[in-house]
Amino acid sequence: NLTSEALIVLIQGCMQLDYMYFPWEFNRWLVTDTVVLRLADTHPGLTHINFQECINMTDSAVIALVDKCRGLKHVNFHGCKNLTDSVVIALADKCPSLEHVNFHGCKNLTDGAVIALDDKLHGLKHVNFSDCLNLTDTAVITLADKCRELKYVNFSCCENLTDAALNALADKCVGLNLAFFYGCVNLTDEAVIALIVKCSELE
């Protein structure tokens, strides 16, 4: 029976927060732009945010949050299907310490978003762009070239990807521990073998 008003009171009253997680079971409707903007105004020291399945947020609210919370290291926008490239570009521009990003199911994202992230955040270690259907090899190749400290990548159900994407990761990101390409129907044995041979730390 919680309401957005209760969340706002919680945000205003707990001034030492550095991590905000809204469990998906109830956050789908409660986390509105008003909640996000209040969070931005009162907690510029946030380092971790988890907005999984918060479908009522818009780009403008998240960009305002990013503008004030520039120490973010870990962001989860899993299932926030209304977000666009603008949010990812803002993160790249404003949050240089970012290491972990999850944009699973953000179907509006394009190669441009991933490339913007890669250009600015060479210290990325964990990226999840699964079910981002518009992505192509270009995004993954740029990621591999610029972010060589990657430990985890997930591009499952990105059906446009080919062997070129895996080969780039195999050549440049030899420290990978986990790599997911479920549903990438254009991959062949050759690329998988290259990944296994060159990335000896795969688990």
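Predicted model: local features only at pLDDT ≥ 70, side-chain atom pairs only at ≥ 80, totals over all residues.
1. Aspartate 41 pairs with lysine 68 in a salt bridge, with 2.5 Å between the closest N and O atoms. The two residues lie 27 apart in distant parts of the chain, aspartate 41 in helix 3 (residues 33-42) and lysine 68 in helix 4. Lysine 68 is also partly exposed, at 40% relative accessibility.

2. Lysine 198 and aspartate 171 form a salt bridge with an N to O distance of 2.4 Å. This pair joins helix 9 (residues 189-198), which holds lysine 198, to helix 8 (residues 163-172), which holds aspartate 171. Lysine 198 is partly exposed at 41%, and aspartate 171 is partly exposed at 44%.

3. The salt bridge between lysine 125 and glutamate 99 has an N to O distance of 4.0 Å. Here both partners sit in loops: lysine 125 between helix 6 and strand 5, glutamate 99 between helix 5 and strand 4. The total for the model is 12 salt bridges.

4. In helix 1 (residues 4-13), the buried residues are Ser4, Leu7, Ile8 and Ile11. They share one side of helix 1 because they span an arc of only 100° around the axis. Glu5, Val9 and Gly13 are exposed on the other side.

5. Helix 5 (residues 85-94) buries Asp85, Val87, Val88, Ala90, Leu91 and Ala92. Their cover includes helix 4, strand 3 and helix 6.

Terms used
Residues numbered from 1 in each chain as written. Heavy atoms only, no water. Buried < 20%, exposed > 50% of the residue type's maximum accessible area, 1.4 Å probe, protein only. Helix = DSSP H or I, 4+ residues; strand = E, 2+ residues; numbered from the N terminus. Contact = heavy atoms within 4.5 Å. Arc of directions from axis to C-beta. Salt bridge = Lys/Arg side-chain N within 4 Å of Asp/Glu carboxyl O.
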